[in-house]
Amino acid sequence: MNGLLKKEFFVLRKQLRTWTMLFVLYAAIAVTGVWGPYILTTLVTVMTLMTPLSAFGYDQSTGWETFVATLPGGREKAVGARYLFCLLVDLAAAALALGLTLLLGLLGFADVALDEAAASTLSCAAVALLMIAVALPLCYKLGVEKARVVYMAVFLAAFGGGLALVNLLSGRIALPAWLGYALLAAVVPVLAVVMYLSYRTSVSILREKEY
């Protein structure tokens, strides 16, 4: 499992660096006032969704799945590594987005409240994982090219949801604060169950594939 997880990071290390630079660029643009600091939280969703798509494309072009299928327990471990990789990317992106958002607030470039920043970041991270739970089985079942259209539809829906969240936290849509926290607390166990079911579905799909 460790080796398969390291492979994910090594293959996509350049893309991950690019995403990190994009976060910094968006933060710099937020300083100018073109958009608010909470735009950084939407990048969490975008990054988490797009990263595994690149990983699937690499696997397909190199015949990686055929190789993994020859290893004892390789298919299940490969799926587990992909899901764990997506989770780690999501958490890292959320930490980076939250850190940059709070930094903008501390430096006086934006009006940032800790509770709002944390709620926004965690919400986008949760949305990203829910979309991943839908997208990964589709990629295993249909292949990355056939699943691309569905994947992009998921991406656009997530991005639109992220923008709606920005408007929510900007005060354009008013909801009681307690309701937001209650929803976040309720999402955690639901998210865990959904991700596990998605993982088992992906494992079943890959086990039935012939190479």
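This is a predicted model: local features need pLDDT of at least 70, side-chain atom pairs count only at pLDDT 80 or more; totals for chains, interfaces and linings use all residues.
Trainee: What makes up the secondary structure of the chain?

Mentor: Eight helices and zero strands. Read along the sequence, the pattern is α-α-α-α-α-α-α-α.

Trainee: How many of the residues in the chain are buried?

Mentor: Buried residues make up 41% of the 211 residues. The cut-off for buried is under 20% relative accessible area.

Trainee: What share of the contacts with a separation of 6 or more comes from residues 24 or more positions apart?

Mentor: Such residues account for 83% of those contacts.

Trainee: Let us turn to helix pairs. What describes two packed helices?

Mentor: The angle between their axes and the distance between the axes.

Trainee: Why are helix 5 and helix 6 called roughly antiparallel?

Mentor: Start with the angle. Helix 5 covers residues 74-106 and helix 6 covers residues 114-142. They pack at an angle of about 155°, with their axes 10 Å apart. Angles over 145 degrees count as roughly antiparallel. Therefore helix 5 and helix 6 are roughly antiparallel to each other. Their crossing is right-handed.

Trainee: Which residues make the contact between helix 5 and helix 6?

Mentor: From helix 5, they include Ala78, Val79, Tyr83, Leu87, Leu98 and Leu102. From helix 6, they include Leu114, Ala118, Leu129, Ile132 and Tyr140. By class, the contact has 18 nonpolar, two polar and two charged residues. Arg82 and Asp90 of helix 5 take part, and Arg and Asp count as charged.

Trainee: Why are helix 3 and helix 6 called roughly parallel?

Mentor: The axes of helix 3 and helix 6 cross at roughly 20° and come within 8 Å. Angles under 35 degrees count as roughly parallel. So helix 3 and helix 6 are roughly parallel to each other. The crossing of helix 3 and helix 6 is right-handed.

Trainee: What makes up the contact of helix 3 with helix 6?

Mentor: Helix 3 brings residues including Thr41, Val44, Leu49, Pro52 and Phe56. Helix 6 brings Ser120, Cys124, Val127, Met131 and Ile132, among others. The classes come to 13 nonpolar, six polar and no charged residues.

Trainee: Why is Thr41 called buried?

Mentor: Thr41 lies in helix 3, residues 39-62. Its relative accessibility is 1%. The cut-off is under 20%. So Thr41 counts as buried.

Trainee: What makes the pair of Thr41 and Ser120 a polar contact?

Mentor: The side chain of Thr41 and the side chain of Ser120 are 3.0 Å apart in this contact. The limit for a pair of N or O atoms is 3.5 Å, with one able to donate a hydrogen and the other to accept it. Leaving out residues up to four places away in sequence, Thr41 touches Ala97, Ser120, Thr121 and Cys124.

Trainee: How do you know that Ile132 is buried?

Mentor: Ile132 is in helix 6. Its relative accessible area is 0%. That is under 20%, so Ile132 is buried. Ile132 takes part in the contact with helix 5 and in the contact with helix 3. Its C-alpha atom is separated by 8.7 Å from that of Ser198, 66 residues apart along the chain.

Trainee: Is Leu53 buried or exposed?

Mentor: Leu53 is in helix 3. Its relative accessible area is 7%. The C-alpha atoms of Leu53 and Ala147 are separated by 9.5 Å. Along the chain, Leu53 and Ala147 are 94 residues apart.

How values were computed: Residues are numbered from 1 along each chain as its sequence is written. Side-chain values use heavy atoms; hydrogens and water are left out. Axes are lines fitted to C-alpha atoms, for helices over the stretch in contact, and angles run from 0 to 180 degrees between N-to-C directions. Helices (H or I, at least four residues) and strands (E, at least two) are DSSP runs, numbered from the N terminus. Angles under 35 degrees count as roughly parallel, over 145 as roughly antiparallel, 65 to 115 as roughly perpendicular and the rest as oblique. A crossing is left-handed if the near helix is turned anticlockwise from the far one by less than a right angle, and right-handed if clockwise. Contact means heavy atoms within 4.5 Å. Buried means under 20% relative accessible area, exposed over 50%, partly exposed in between (1.4 Å probe, protein chains only).
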